[in-house]
Amino acid sequence: MKTALTIAGSDSGGGAGIQADLKTFSACGVFGMSAITAVTAQNTVEVRSVQNIDLSVIRDQIAAVFEDIDVDAVKIGMLGNSDIIQTVSDTLKVYQPKYLVIDPVMVSKGGHHLLEKEAVATLSNLLLPMASLVTPNIPEAEVLTGNRIQSESDMYEACRKILSKGPEAVLIKGGHLKGDPTDVFYDGNEFKVFQGRRIETKNVHGTGCTLSSAITAQLAKGASMPEAIQIAKDYITRAIEKSLDIGHGHGPAHHFHPFYDVKNEDERMKHHSLNNSLSASP
Ligand SMILES: Nc1ncnc2c1ncn2[C@@H]1O[C@H](COP(=O)(O)OP(=O)(O)O)[C@@H](O)[C@H]1O
Ligand SMILES: Cc1ncc(COP(=O)(O)O)c(N)n1
């Protein structure tokens with residue numbers, strides 16, 4: 001079985017971060033592993049507190065995985081500050097992953113800063129040059145480029161600017177612009193547009209985490225970059241379409257497990273409790 005490692009923050013609410021990444025890996029049929037950079041006390045409404053993990057423990061988690069298991073692809077999510085970015089960059093330089101997908105997480109859907117503002121330059125200088133793909137949303141692409149992005153043509157310009165920082169490719173996600181969410185990809189040779197259709201829902205917690213993990217899983221399984229992005233785009237569209245009304249804020253995407261079907265499971269549970277009550281009766 002192919003394997004993927006996520007280096008990211010934990011979301012106690014289960015919708016984003018490490019939890020979304022592992023659910024996505026599992027649903028995509030790869031074996032998921034994790035290196036936790038921070039524990040967030042979070043739900044669908046808010047981030048209440050954040051505890052960064054000691055640098056030595058972050059380094060040890062990554063080393064423990066690489067020194068025992070063949071890692072087919074790596075994804076990076078929340079890294080809280082410059083010291084964590086430096087540690088992750090130094091450690092990954094030792095192990096040289098085949099694929100590195102970086103989701104430059106900056107602010108949660110609820111508006112909580114997950115990356116210190118001063119750390120943006122460190123992320124840009126140390127990590128972007130190591131990336132096979134970097135996947136900013138519109139506000140993140142604006143921070144990385146220093147330009148406003150209000151249209152698809154602004155996205156093209158931003159792709160060029162971000163690519164010049166050293167990653168092999170860029171995918172700017174268009175979910176934050178009006179209209180159908182179009183994601184724009186650029187690898188220095190060609191632009192590719194991944195056209196979506198907008199699903200009217202507030203349940204979009206963890207969608208960026210899910211998309212980047214789904215891309216990582218497909219790369220681990222041997223897909224080309226454009227194929228991996230197309231499969232991941234289909235995955236996130238379906239996961240938002242079937243998103244869950246859990247909690248009082250932005251609910252999570254729905255990760256379908258290939259062997260799990262909600263309707264069938266409901267039926268099975270009904271039979272199960274019926275059988276139990278029959279066998280329990282005198
Ligand atoms: N309402 C929506 N309907 C369909 N797709 C969406 C919707 N919102 C976002 N997406 C898609 O989900 C992915 C993540 O989107 P985006 O919101 O831009 O990033 P982030 O979650 O990092 O803020 C992108 O592929 C985007 O096009
Ligand atoms: C630990 C962690 N990582 C990433 C996100 C971003 O997800 P979103 O943009 O959906 O809030 C988050 N809220 N928490």
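Select Gly251 first. Leaving aside residues up to four places away in sequence, Gly251 touches Thr44, Asn203, His205, Ser243, Leu244, Asp245 and Ile246. Contact here means that two C-beta atoms, placed from the backbone, lie within 7 Å. This is a predicted model: local features need pLDDT of at least 70, side-chain atom pairs count only at pLDDT 80 or more, and totals for chains, interfaces and linings use all residues. Residues are numbered from 1 along each chain as its sequence is written, while chains are lettered from A and ligands numbered from 1 in the order in which they are written.

Stay on Gly251. It sits in the loop between α8 and α9 (262-280). Helices (H or I, at least four residues) and strands (E, at least two) are DSSP runs, numbered from the N terminus. Gly251 counts as buried because 20 other C-beta atoms lie within 10 Å. The cut-offs are 20 or more such atoms within 10 Å for buried, 12 or fewer for exposed, and partly exposed in between, with C-beta atoms placed from the backbone. Gly251 and Ile240 are 11 residues apart in sequence and 9.6 Å apart in space, C-alpha to C-alpha.

Next, pick Lys202. Its loop runs between β9 (191-195) and α7. Lys202 is exposed, because it has 12 other C-beta atoms within 10 Å.

Move to ligand 1. It has 18 residues around it, of which Asn137, Lys173, Gly175, Pro181 and Gly208 come nearest. A residue is near a molecule or strand if its C-beta atom, placed from the backbone, lies within 6 Å of it. Colour α7 and α8 (225-241): these elements give two or more residues to the shell around ligand 1. The largest share, four residues, comes from α8. By class, the shell around ligand 1 has six nonpolar, eight polar and four charged residues. Ala, Val, Leu, Ile, Met, Phe, Trp, Tyr, Cys and Pro count as nonpolar, Asp, Glu, Lys and Arg as charged, and the others, Gly among them, as polar.

Go on to ligand 2. Here 17 residues lie around the ligand, and Gly9, Ala16, Gly17, Ser108 and Lys109 come nearest. At least two shell residues come from each of β1 (3-11), β2 (31-42) and α7 (207-220). β1 gives the largest share, three residues. The shell around ligand 2 divides into six nonpolar, nine polar and two charged residues.

Now show helix α3 (residues 82-95) and helix α4 (residues 120-127). They pack at an angle of about 10°, with axes 9 Å apart. That makes α3 roughly parallel to α4. Axes are lines fitted to C-alpha atoms, for helices over the stretch in contact, and angles run from 0 to 180 degrees between N-to-C directions. Under 35 degrees counts as roughly parallel, over 145 as roughly antiparallel, 65 to 115 as roughly perpendicular and the rest as oblique. On α3, select Ser82, Ile85, Gln86 and Ser89; on α4, select Thr122, Leu123, Leu126 and Leu127. This contact has four nonpolar, four polar and no charged residues.

Step to Gln96, in the loop between α3 and β5 (100-102). Its phi is near 45°, a positive value in a residue other than glycine. Most residues other than glycine have a negative phi. Gln96 counts as exposed, because it has 9 C-beta neighbours inside 10 Å.

Last, colour by pLDDT, the predictor's confidence in each residue, from 0 to 100. The protein chain has a mean pLDDT of 93, and 91% of its residues reach 70 or more. For the complex, the predictor gives an ipTM of 0.97 and a pTM of 0.93.
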